[in-house]
Amino acid sequence: KDTDGGRRFGQLALHFLKIKETNKCFSGVITVVYTYLHPNYHHYRESLEPLEKAYESGMINGDVAMAMSAAAQICFHEFQCGEELAKVETTTTKYMKLMMAHKQENFCKFLLPYSQAIRNLMGYSDDPENLIGELMDQEELLKEVLKSKHMRVAAVIYYIRSWLAYMFGNYEIASKMMKERQAISLFAVPPSLSCAFIF
């Protein structure tokens, strides 16, 4: 994959955004650049402020779907960059409520595995190795998203299950879940997941 070419296109898009000073495209351009390009070269933490601006711009300008995409990435990036779990839980809960209020259920489903994993790590689950708890049941959600062909959510479930299994010493399940994840083809994969594949 040509990440350097993608980076140049991203820089060009940001440049045109400054020249045009248009609010209509702001949310989409910023969300795409700071979701798919920027993290290949910079720490996730550096994406948080631009993504928050993208969320706000999308909501102000009526691009609710792009605003919710930015919100989902804010939660994902906070999770990946090691923010305090209580802070990530607060952020994720806030945005999931907004997603449901704006009928953006797919973004909410994308965040469910992260949110349940956070709760597991904070001690709210009797079975912290699995995504089973107050928010979701891994098998039920997986069945639902596979049936509806929502493969990005399926990929997230396998990734988080692999990650939790590894953290709790169940290397066999960790490996099995990563193989299931690798079998799902997505057009773009975040750097954190690429590293998990290699590991």
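## Loop residues with positive phi

K149 lies in the loop between α7 and α8. In this predicted model, its phi is near 60 degrees, a positive value in a residue other than glycine. K149 counts as exposed because its relative accessibility is 66%, against a cut-off of over 50%.

K103 is placed in the loop between α5 (85-101) and α6. Phi of K103 is near 55 degrees, again positive in a residue other than glycine. With a relative accessibility of 64%, K103 is exposed. Most residues other than glycine have a negative phi.

## Packing of α6 and α8

Helix α6 covers residues 105-121 and helix α8 residues 151-167; their axes come within 9 Å and cross at roughly 10 degrees. The two helices are therefore roughly parallel, since angles under 35 degrees count as such.

On the α6 side, the residues in contact are N106, K109, F110, P113, Y114, A117, N120 and L121. They meet R152, V153, V156, I157, Y159, I160, W163, L164 and M167 in α8.

L146 belongs to helix α7 (residues 138-147). Leaving aside neighbours within four places in sequence, L146 is in contact with M151, A154 and Y158. L146 is partly exposed, with a relative accessible area of 33%.

Q73 sits in helix α4 (residues 64-80). Its relative accessible area is 11%, so Q73 is buried, the cut-off being under 20%. Not counting residues up to four places away in sequence, Q73 touches T35, L51 and F110. F110 is also one of the α6 residues that meet α8.

## Salt bridges

The model has eight salt bridges. Side chains of opposite charge can pair when their charged atoms come close. One of the bridges joins K53 and E49, with the closest N and O atoms 3.4 Å apart. Both residues lie in helix α3 (residues 48-60), four residues apart, which is about one turn of the helix. K53 is partly exposed at 43% relative accessible area, and E49 is partly exposed at 48%.

K109 forms a salt bridge with E144, the closest N and O atoms being 2.5 Å apart. This pair links distant parts of the chain, with K109 in helix α6 and E144 in helix α7, 35 residues apart. E144 is partly exposed, at 38% relative accessibility. K109 is also among the α6 residues that meet α8.

## A buried arginine and a salt-bridge network

R119 and E134 meet through their side chains in a salt bridge, at 3.0 Å from N to O. This pair also links distant parts of the chain: R119 is in helix α6 and E134 in the loop between α6 and α7, 15 residues apart. R119 counts as buried because its relative accessibility is 16%, under the 20% limit. E134, by contrast, is exposed at 68% relative accessibility.

Elsewhere, R45, E78, E83 and K87 are linked in a network of salt bridges.

## Nonpolar surface patch

F9, L12, F16 and I19 form a nonpolar patch on the surface. Together they have about 440 Å² of accessible area. L12, one of the patch residues, is found in helix α1 (residues 3-20). The relative accessible area of L12 is 38%, so it is partly exposed.

Conventions: Residues are numbered from 1 along each chain as its sequence is written. This is a predicted model: local features need pLDDT of at least 70, side-chain atom pairs count only at pLDDT 80 or more; totals for chains, interfaces and linings use all residues. Side-chain values use heavy atoms; hydrogens and water are left out. Patches are made of residues with over 30% relative accessible area and no salt bridge: like charges are joined within 9 Å, nonpolar side chains (Val, Leu, Ile, Met, Phe, Trp, Tyr) within 5 Å. Accessible areas come from the Shrake-Rupley method with a 1.4 Å probe; for residues, only the protein chains shown count as cover. A salt bridge is a side-chain nitrogen of Lys or Arg within 4 Å of a carboxyl oxygen of Asp or Glu. Buried means under 20% relative accessible area, exposed over 50%, partly exposed in between (1.4 Å probe, protein chains only). Axes are lines fitted to C-alpha atoms, for helices over the stretch in contact, and angles run from 0 to 180 degrees between N-to-C directions. Angles under 35 degrees count as roughly parallel, over 145 as roughly antiparallel, 65 to 115 as roughly perpendicular and the rest as oblique. Contact means heavy atoms within 4.5 Å.
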